[in-house]
Amino acid sequence: MTKPLRLGIAGLGTVGTGVVKIVRQKADLLAARAGRPVAISAVSARTRDKDRGVSLSDYTWEDDPVALATRDDVDVFVELMGGSDGPAKAATEAAITAGKDVVTANKAMLAHHGQALATAAETAGRVLRFEAAVAGGIPVVKALTEGLAGNDVTRVMGVMNGTCNYILTRMQATGQGYNALFEEADKLGYLEADPNLDVGGIDAGHKLALLSSIAFGTQVNFNDVELEGIQSITLEDIKHAADMGYRIKLLGVAQLTGRGLEQRMSPCLVPESSPLGQLEGGTNMVVLEGDMVEQIVLRGPGAGEGPTASAVMSDVMDIARGIRVSTFGQPASGLQQATAARASTPAPFYLRMDLEDKPGALAKVATVLGDAGISIDRMRQYRHDDTTAPVLIVTHKTTRTALDSALDAMGKLDVMASSPVALRIETV
Ligand code: HSE
């Protein structure tokens, strides 16, 4: 009989438990597809005595993930502990040194140490795979690495944090503010242990940095992702954006420009009628653009036991089938160090401001925009209260630099009742 592929699984939270269930419940299917059985030799987690709803009695227990990762009866170390450093990184490095292949769901670890870990794996002749680290159950790493291997990738976009999309779409649907919906997401257990990873855009930024590396053949560079979270998005902006035909999304965009690699994870407006604009709740969506394929849109669950375990098994099954793909789609030694281009691609912007209700107020704003070389596309003024009036402006395409200089000048006008809000409108 063909030798089984033997897994050592470190981390038995939602995802780890889901992987154990798949290996146990789908043993025949996996063996038929891979041409060899997939088995678990040993497991490890912080707490041993806990009912996880699945029997672990067939597997050796290791308290120490490094000991698990280096066991003789483990072929693939499956790292599902999380955390950018600490035990996850130590055990991954130990596994590679001990000659194991590695499958991980750990976006933070790869965003910070992906280049070093991929290099170590390749030097040792091992593979390090991470389908589950990006957009949960959506097979986006495979689509980009393998499906689009014949394309020059031109742009990668995505809503890759379900919690943020849940909060933003619930604000729109219920008319409740950010704080109330943050609490609702918390009660539903959607938030990471450190909620700033979600609402600060960090988790999604990690994912974008990983996709950028595959898409553009560049070394993972999370530090140069321009990050902005959703904490300051107000109900007012959600409503006004909707009035102008847009939805607000925490949108990741990566593209190579003449000036270098642009990576942004920030709240943006997208047309309400676009696939991204239609995305509701905790679902993820990734849009991939290539010169040959034009555009493909992948939509699916970005988190949860089944979807994330499904993605882990995709990597495990590749290894079982003998499919050995480089971590970032090409040998790590050939990945280029990209120059970071900060928001250099021109775009239209949405501006919201409260103006003092005085003669000439709008003219002053228009003059400031004109002086900065920014042309107005559309404008709307809402009914004023006693002294101020909300004004919305959609500009034609302009650069962030021109916009910043206009915002600076607007701040000095004597007709501004509050600081203007500016959000990029992404062409999708
Ligand atoms: N917390 C993430 C989300 C899932 O809300 O999409 C894990 O990356």
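Between which strand and which helix does the loop that holds A135 lie? A135 sits in the loop between strand 6 (128-129) and helix 6 (140-147), where helices (H or I, at least four residues) and strands (E, at least two) are DSSP runs numbered from the N terminus.

This is a predicted model, in which local features need pLDDT of at least 70 and side-chain atom pairs count only at pLDDT 80 or more, while totals for chains, interfaces and linings use all residues. Residues are numbered from 1 along each chain as its sequence is written, and side-chain values use heavy atoms, with hydrogens and water left out.

## Overall division

The chain is divided into domain 1 (5-104), domain 2 (140-301) and domain 3 (349-425), with bounds that come from an automatic or database domain assignment. Taken over C-alpha atoms, the centres of domain 1 and domain 2 are separated by 30 Å. UniProt, in an unreviewed entry, gives the annotation "domain: ACT" to residues 350-428; UniProt positions are in the numbering used here, feature names are shortened, and annotations may be inferred rather than shown by experiment.

## The ligand and its surroundings

Which residues are around the ligand? They are K107, N161, G162, T163, E192, D198, D203, K207 and A303, a residue being counted as near a molecule if one of its heavy atoms lies within 4 Å of it. Some of these residues also make polar contacts, that is, pairs of N or O atoms within 3.5 Å; within protein, one atom must be able to donate a hydrogen and the other to accept it, and residues adjacent in sequence count only if both atoms are side-chain atoms.

| Residue | Distance from a polar side-chain atom to a ligand oxygen atom |
|---|---|
| K107 | 2.8 Å |
| D203 | 2.7 Å |

Taken alone, the ligand exposes 260 Å², and the protein buries 89% of that; accessible areas come from the Shrake-Rupley method with a 1.4 Å probe, and for residues only the protein chains shown count as cover. Helix 7 (162-174) and helix 10 are the elements that give two or more residues to the shell around the ligand.

For K207, the unreviewed UniProt entry records the feature "active site", and the residue is found in helix 10 (residues 202-216). K207 counts as buried because its relative accessibility is 5%, where buried means under 20% relative accessible area, exposed over 50%, and partly exposed in between (1.4 Å probe, protein chains only). Leaving aside residues up to four places away in sequence, K207 touches K107, A133, V134, A135 and M160, contact meaning heavy atoms within 4.5 Å.

K107, listed under "binding site" in the unreviewed UniProt entry, is found in helix 5 (residues 107-123). With a relative accessible area of 19%, K107 is buried, and its contacts, again not counting residues up to four places away in sequence, are A133, D203, H206, K207 and L210.

A135, one of the residues touched by K207, has a positive phi of about 60° although it is not a glycine. Is A135 buried or exposed? A135 is buried, with a relative accessible area of 0%.

## Other places along the chain

E294, in strand 12 (residues 294-301), likewise is a residue other than glycine with a positive phi, near 65°. E294 counts as exposed because its relative accessibility is 62%.

G277 lies in the loop between strand 10 (260-271) and strand 11 (283-290), and it is buried, with a relative accessible area of 2%. Although G277 and R247 are 30 residues apart in sequence, they are 5.6 Å apart in space, C-alpha to C-alpha. The contacts of G277, with residues up to four places away in sequence not counted, are R247, K249, V270, P271 and E272.

V312, which lies in helix 12 (residues 305-321), is buried, with a relative accessible area of 0%. Not counting residues up to four places away in sequence, V312 touches V15, V19, V78, L80, V103 and A132.

E93 lies in helix 4 (residues 86-97) and is partly exposed, with a relative accessible area of 34%. The C-alpha atoms of E93 and A120, which are 27 residues apart along the chain, are separated by 7.9 Å.
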